[in-house]
Amino acid sequence: MRLTTKGRFAVTAMIDLALRQGKGPVTLSGISQRQAISLSYLEQLFGKLRRHEIVESIRGPGGGYSLARRADKVTVADIIIAVDEPLDATQCGGKENCHGADAATGARCMTHELWATLNEKMVDYLDSVSLQDLVDQQRQKHAEQAVVVMHRNAALG
């Protein structure tokens, strides 16, 4: 699987957006600053996410982006596919000509089924993880970190 920065950044930005859902539109400049992702790169990603109706844009002063669907209705697979990220571990890109167009047979390589099955498992897994799942994980992590800090402060006091 070649999950590039495009897919990783898109998922990260969507978690950031979903964490702030309900507090008004979220600006791409805010996401850019918090997540250290180029603003121009975010603009490209969010254009694709908007076309796939995962986010919606609000124009004007106080504008930004919000989720177009509830976070539990958006999967990681939805996000990655929206930004045109290929989820393919095969050498041939799923075309079944693993030995290239110049090969005499143009047949599948011996491991084609292995990688094709891996593709299915990856998509199944990413389709089973919702944006809400990732938001809940982040909130849980922050809650646990806050407890550790409070224990340290109490021990020092």
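Tutor: Let us begin with accessibility: a residue is called buried under 20% relative accessible area, exposed over 50%, and partly exposed in between, with a 1.4 Å probe and protein chains only. Helices (H or I, at least four residues) and strands (E, at least two) are DSSP runs, numbered from the N terminus. With these terms, Glu120 lies in helix 5, and Glu120 counts as exposed because its relative accessibility is 52%. The model is predicted: local features need pLDDT of at least 70, and side-chain atom pairs count only at pLDDT 80 or more, whereas totals for chains, interfaces and linings use all residues. Residues are numbered from 1 along each chain as its sequence is written, and side-chain values use heavy atoms, with hydrogens and water left out.

Student: What separates the C-alpha atoms of Glu120 and Leu87?

Tutor: The C-alpha atoms of these two residues are separated by 9.0 Å, while Glu120 and Leu87 are 33 residues apart along the chain.

Student: How is the length of a helix checked, and what span should helix 1 have?

Tutor: The expected span of a helix is 1.5 Å times one less than its number of residues. Helix 1 covers residues 5–19, and its 15 residues should therefore span 21 Å; the end C-alpha atoms are 21 Å apart, which agrees.

Student: Which residues of helix 1 are buried?

Tutor: An α-helix has 3.6 residues a turn, so residues three or four places apart point the same way. In helix 1, the buried residues are Gly7, Ala10, Val11, Ala13, Met14, Ile15, Asp16, Leu17 and Ala18.

Student: Asp16 is in that list. Why does Asp16 count as buried?

Tutor: Asp16 counts as buried because its relative accessibility is 2%. Contact means heavy atoms within 4.5 Å. Leaving aside neighbours within four places in sequence, Asp16 is in contact with Val26, Ile31, Arg34 and Gln35.

Student: With which side chains does the side chain of Asp16 make polar contacts?

Tutor: A polar contact is a pair of N or O atoms within 3.5 Å; within protein, one must be able to donate a hydrogen and the other to accept it, and residues adjacent in sequence count only if both atoms are side-chain atoms. The side chain of Asp16 has such a contact with that of Arg34 at 2.8 Å, and another with the side chain of Gln35 at 2.7 Å.

Student: How many salt bridges does a search of the whole structure find?

Tutor: Side chains of opposite charge can pair when their charged atoms come close. The criterion for a salt bridge is a side-chain nitrogen of Lys or Arg within 4 Å of a carboxyl oxygen of Asp or Glu. The search of the whole structure finds 4. One of them joins Arg34 to Asp16, with 2.8 Å from N to O. This pair links distant parts of the chain, since Arg34 is in helix 2 and Asp16 in helix 1, 18 residues apart. Arg20 also meets Asp16 in a salt bridge, at 3.4 Å from N to O.

Student: Which side chain meets Asp78 in a salt bridge?

Tutor: That of Arg69 does, at 3.7 Å from N to O. Asp78 is partly exposed, with a relative accessible area of 24%, and Arg69 counts as partly exposed at 31%.

Student: Let us turn to the backbone. What is the phi of Ala36, and where is this residue found?

Tutor: Ala36 has a positive phi of about 55° although it is not a glycine. Its place is the loop between helix 2 (28–35) and helix 3 (39–51), and Ala36 is exposed, with a relative accessible area of 68%. The C-alpha atoms of Ala36 and Phe9 are separated by 9.7 Å, the two residues being 27 apart along the chain. Glu53, which is not a glycine, has a positive phi of about 60°. Glu53 lies in the loop between helix 3 and strand 1 (55–58) and counts as exposed at 58% relative accessibility.
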